[in-house]
Structures are given as C-alpha cells and as structure tokens.
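Work through the exercises below with the sequence and the 3D view open. Try each task before reading its solution.

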Amino acid sequence: MPTPDTHLAPVYAQWPLDVVDAEGVHLRTRDGRRILDLYGGHAVAALGYSHPRWQAALEQQARTLLFQSNAVPLEVRARAATRLAQFAGLGLDTVFFVNSGAEANENALKLALRITGRRKVVAIEGSFHGRTAAAGAVTWGAAQKWYGFPQAPFDVEFLPRGDLAAIERMVGTDTAAVIAEPVQGVAGAVDLGQPYLAALRARCSETCALLILDEVQSGMGRTGFPFAANMHGIAPDMLTTAKALGAGFPCAALLLADHVAAHLKTDDLGTTFGGGPLACAMIETVVDIIESEGLLGNVRRLAQQIRETCVVGPVVATQGAGFLTGLRTRRPAKDVQRELLERDILTGTSADPNVVRILAPYVLDESHIVQLRDTLASLPA
Ligand SMILES: Cc1ncc(COP(=O)(O)O)c(C=O)c1O
C-alpha cells in the first residue's frame, strides 16, 4: 500500500490497490499482480491503457500546439465539434466544450432555465448528475448526503422510475427541463427503458420543457451505440457527455439542438480550459478509434456474452446496457466486488447494495468475459 498522504483531502474511500502502470485492459500493481480492469476509472478508460493511437495523438498535439483559449479559433476544435456531432447523429449540431460532466450539466440546466423563463427542473429518482450547485440539486439523495449549499438554485422534483402517469402529473408548463440519464450509472446500471424515455420526450414536447439527457456515463459508445439516445431512438434537446469522451484526457461536452443553440449569443457561456487543443485532439481521436476499430459492435457482442454466461455464482441477473452493466448479486455487492478484486478482477459497486457495476474498456475480448464468468462461478453463491 502507498503511505498515506496527509496532504490529500480525505474525501475518498479507496480500494486496497497500489497501481504502478497499465497496458491494454490490465493494471499492474507494485507487488506484481496483473489485474483485469472491468471498471475503467469510473467509466473513463474506454480504450483501455496505452492505446498506441491515443498516445500518438496526445503527443502530436502537445508538440504542435499545447493550448490556446476559445478566443483563438482553432481547426482542431472545429474538427472535434463536427466529428462529435456526426458521431452522435442525433441532430444536436452545436457543441459547447467544457471540462467535466458536472460542468456540462450545469450549463445545460442554466440554458434551459433561461430559455424557458421557468424555475422548476424535474429529475429522476436514483439520478446522479455531479457535485456542483445545479448538478447536485438534481442528484437523488444529495441534499441528505453531501449537497452543502444552503438551497438549490431552482425548484426540483424527482420522478419515480417507470411511473408513466407521474410524468403527466409532474412535468407541466411550469417545467423548464427534465434531466435524465437514459441508463442510470451510479444507481446501478438501470436502463430507464424506451417507453419511459419516449414518454418523457413526448411530455416535454407537449409542455415546451427541454429534455436534457445526461450521457456522461452512458455515452460515447458505452452502450454499444454512440449514445443511449440512439439505442432508444430518443432525440433530446440537449445532451451532456464526458468520461469516455477523452478516454482518459479530462474533457466534456454539451450538445445542443438548433432551436436551443438559436438562443445563444456571445458571452452567454464560457470556460478557460474547455475546448482546449489537447482535449479536442483527443475527442477527435477517440471517435476515430471507436469507429475505425468497430468498438460499438465489440461492446454489443461482449455485453451479450456477459448476459448469457455470467449469471453464475453469486450473480442472479444482469441489468443495464452494453458495458454499463450491473450484475445483480444475491449477497452484498461490496463483498462480491472485494472477492473479485482478490482474484485480480476490478469491478465497481453502485448505490444499489446488490449490484456490481461493470464499466469495462471497449477493447475487451471474449477471453476476459470467460475469466469473469469462471471467477464468478468459483465464488460462494
Ligand atoms: C451520469 C453522470 N453525470 C454526471 C457526472 C459528473 O461528472 P464529473 O465527475 O465529470 O463532474 C457523473 C459522474 O459520475 C455521472 O455518472
């Protein structure tokens, strides 16, 4: 174990893992263990580690132009926006680059409130949208656990999952926006499902509320589709994404439909680091690698293999989509996660005490799923 560093804020529970480097889909520890990483640093390491094209692109951009602000037009930034909008294919053709998922949501919510002139936002039970003032206000349970601000910056109501009648009741002409993760991540890989999302879309259109899909965790190929919105055939008014967007380079984006972007004028939004050349080069490269290596198909195929083979040992069912999969466990998920880690497989837990979360790199192969299945089968049921 590393010696405790008293200069770091003591805010994270940490796993007993002393990682020194990583290659492909494996982490290597100081004591020489090789750990299969099915968690990818909270869904970030979508291309695994040391991907040669990712590394080369970062190096190349660092040599060419390390940084310039948004006051300076850059080809690489324009290319990244076009590439991302085309990859999404959802008619969200205006891109605002930011730094983190929370910041993307913060801007989306601000826009919705300003454009509609309304003051209520509807979120979904179980949601996680980030730690900042607006994103935290629409995060389920934050107020009780860590929110910290004296009040939310707008009115918030939470919709029960799966309750179509509640959508009619709670989303009305007083609602600025509905914000939803189409496949909830922190909640434990919970797919809200096509009918529910379609009902949200329809009700938002009816009431002129804006639908914001938070695809910070579910997006950028994680479900085996560019976004879960594509998987379910839902076109939001705004979409936020981060995590896998840079596959390890910190960055995020807010994608806007034309009718939302039409409200924007100079100085409405801003950021220093968002849309920097390094981030943009990596976004362009990540999309390119996902497309050229056929990684969406790989995710779909291997996720199917998980569903078909991994209901063994303590696992009673699977849920979620693609590589945002939950293994529902008979025993506490934290025990199963610990036992897997002791056997050199890293997975995550979630807010659901009986769900082990898989957020694997898209470059996995069949043998890794076999290893997961065999290891799960060796654990006490
Ligand atoms: C769905 C979702 N939205 C937003 C966030 C916040 O993103 P960030 O930590 O980059 O601010 C997260 C982080 O886990 C997330 O899963």
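**Exercise 1.** Is Ala189 buried or exposed?

*Solution.* This is a predicted model, in which local features need pLDDT of at least 70, side-chain atom pairs count only at pLDDT 80 or more, and totals for chains, interfaces and linings use all residues. Residues are numbered from 1 along each chain as its sequence is written, and side-chain values use heavy atoms, with hydrogens and water left out.

Step 1. Take the cut-offs: buried means under 20% relative accessible area, exposed over 50%, and partly exposed in between (1.4 Å probe, protein chains only).
Step 2. The relative accessibility of Ala189 is 0%, so Ala189 counts as buried.
Step 3. Place Ala189 in the chain: it sits in the loop between β8 (183–184) and β9 (190–191). Helices (H or I, at least four residues) and strands (E, at least two) are DSSP runs, numbered from the N terminus.

**Exercise 2.** In what order do the four strands of the open sheet lie?

*Solution.* Step 1. Two strands pair if DSSP finds at least two bridges between them.
Step 1. The order is β1-β2-β3-β15, with mixed pairing.
Step 2. Strands of a sheet pair through backbone hydrogen bonds, either parallel or antiparallel.
Step 3. Follow the bridges. β1 and β2 (residues 26–29) run antiparallel and are joined by four bridges. Glu23 has His26 as its bridge partner in β2, and Ala22 stands opposite Leu27.
Step 4. β2 and β3 (residues 34–37) also run antiparallel, with three bridges. Here Leu27 faces Ile35 in β3.
Step 5. Look at the turns. The hairpin of β1 and β2 has two residues between the strands, and Gly24 takes a positive phi near 65 degrees. The hairpin of β2 and β3 has four residues between the strands, and Gly32 in the turn has a positive phi of about 85 degrees.

**Exercise 3.** Which residues are around the ligand, and how many of each class are in the shell?

*Solution.* Step 1. A residue is near a molecule if one of its heavy atoms lies within 4 Å of it.
Step 1. The residues found are Ser100, Gly101, Ala102, Asn105, Phe128, His129, Gly130, Glu181, Asp214, Val216, Gln217 and Lys243.
Step 2. Sort them: Ala, Val, Leu, Ile, Met, Phe, Trp, Tyr, Cys and Pro count as nonpolar, Asp, Glu, Lys and Arg as charged, and the others, Gly among them, as polar. The shell then has three nonpolar, six polar and three charged residues.
Step 3. Helix α4 (residues 101–116) gives the most to this shell, with three residues.
Step 4. Check the polar contacts (pairs of N or O atoms within 3.5 Å). A ligand nitrogen is 2.7 Å from an N or O atom in the side chain of Asp214. A ligand oxygen is 2.8 Å from a polar backbone atom of Ala102, and a backbone N or O atom of Phe128 is 3.3 Å from a ligand nitrogen.
Step 5. The ligand taken alone exposes 390 Å², of which the protein buries 79%; the areas come from the Shrake-Rupley method with a 1.4 Å probe.

**Exercise 4.** What kind of aromatic pair do Phe128 and Trp146 form?

*Solution.* Step 1. Rings of Phe, Tyr and Trp (its six-membered ring) pair if their centres lie within 6.5 Å; planes under 30 degrees apart count as stacked, over 60 as edge-to-face and the rest as tilted.
Step 1. The count by this rule is six aromatic pairs. Phe128 and Trp146 form a tilted one, at 6.4 Å centre to centre and 55 degrees between the planes.
Step 2. Phe128 lies in the loop between β5 (120–124) and α5 (133–137) and Trp146 in the loop between α6 (142–145) and β6 (155–159), so the pair ties together parts 18 residues apart in sequence.
Step 3. Phe128 is partly exposed at 27% relative accessibility, and Trp146 is partly exposed at 26%.

How values were computed
Polar contact = N/O pair within 3.5 Å; in protein donor to acceptor, adjacent residues only side chain to side chain.
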